[in-house]
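Visitor: I have not seen this structure before. Please take one part of it and go through that part closely, then show me how it sits in the rest.

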Amino acid sequence: MAAGKEQELAAHRLASRHVERIWGRRDLAGAFAPPAGAGSEPIGEIWFEGAPEAELLVKYLFTSERLSIQVHPDDEAARARGHARGKDEAWYVLSAEPGAVIGLGLTHEISRDALREAARDGSIAQLLDWRPVRAGETFYSPAGTIHAIGGGLSLIEIQQNLDLTYRLYDYDRPRELHLDEGVAVADPRPWAPPFVPVREGPRTILAAGGAFVLERWILPAAAAATVPEGTMLVPLRPGGAIEGAAIEAGTVWAAEGAIDLAGPADLLAAYPGGNALHAPFR
């Protein structure tokens, strides 16, 4: 194999970008502190962007209040509007203040007409199924799921690489709503976990069967892995190394092909496609 191809297949660290959100926080420090010269507006998201055509996107989210009640289109609906893909997403909870919640799906099934009316009068906030959450939990939200992330949370979001959100309700904030588009793509039913986690040695498959697979790898020692194109590696704590580079807090790596990992390491691995790898470690 040519040296250039070997370099192409190696893992590399992604650059990050701070994104201001009205529901974000101003107390970020350490690896997540805003860059010098940044404004005083709250930071809600830190994006780790790969190539424009990348299948997946990773963000860190920091919330001080509830996000809008929203929904995302699936592949078919998104492509009908000229986008490359829809938007499944998953969240790994890093920390949760007492009483923190995530809304996923509705408490009971309703018609689209009833959904539209509930979004208009705000009663959708009572229809949403608000679930208490704690650090270490993982939630997979398929496209079409009506959802909202609550305040007091720090989490990692892995999603299909599409920046398209249809807001159904936003607590009277002065932001645009998208009732026609959102109601059209929403699944107005309760949400149920689409996958039961499976542990296989140092890996735990947290989600599979959707647009991407999400795993957690806890590696006590060195390991070699082979991963598909579009893989994202998200360290949950510093320690270990990826391709000889020390793992630091708040980093995200893109990888493809054969990679060398040094332990002890604890990281999330996400890759496109619904089927989990047969045997990533060799």
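Guide: What follows is a close look at one helix, then the loop beyond it, another strand and the chain as a whole. This is a predicted model, in which local features need pLDDT of at least 70 and side-chain atom pairs count only at pLDDT 80 or more, while totals for chains, interfaces and linings use all residues. Residues are numbered from 1 along each chain as its sequence is written, and side-chain values use heavy atoms, with hydrogens and water left out.

Helices (H or I, at least four residues) and strands (E, at least two) are DSSP runs, numbered from the N terminus. Buried here means under 20% relative accessible area, exposed means over 50%, and partly exposed is in between (1.4 Å probe, protein chains only).

Tyr171 has a phi near 55°, a positive value in a residue other than glycine. Asp172 is also a residue other than glycine with a positive phi, in this case near 65°. With a relative accessible area of 26%, Tyr171 is partly exposed, whereas Asp172, at 73%, counts as exposed.

Elsewhere in the chain, strand E15 (residues 212-219) contains Ile218. This residue is partly exposed, its relative accessible area being 46%. Leaving aside residues up to four places away in sequence, Ile218 touches Pro202, Ala265 and Asp266; contact means heavy atoms within 4.5 Å. From Ile218 to Thr204 the separation is 14 residues in sequence and 8.5 Å in space, C-alpha to C-alpha. Pro264 is in the loop between strand E19 (253-262) and strand E20 (265-272). The peptide bond joining Gly263 and Pro264 is cis, with omega about 0°.

Now the chain as a whole. The protein chain has five helices and 20 strands. Of its 282 residues, 49% count as buried. Its radius of gyration is 19 Å, which agrees with the value near 19 Å for a compact globule of 282 residues. That radius is taken over C-alpha atoms, and the globule rule is 2.2 Å times the number of residues to the power 0.38. Along the principal axes, the C-alpha atoms fill a box of roughly 60 × 40 × 35 Å. Among contacts between residues at least 6 apart in sequence, 74% join residues at least 24 apart.

The protein chain exposes about 12800 Å², of which carbon and sulfur atoms supply 50%; accessible areas come from the Shrake-Rupley method with a 1.4 Å probe, and for residues only the protein chains shown count as cover.
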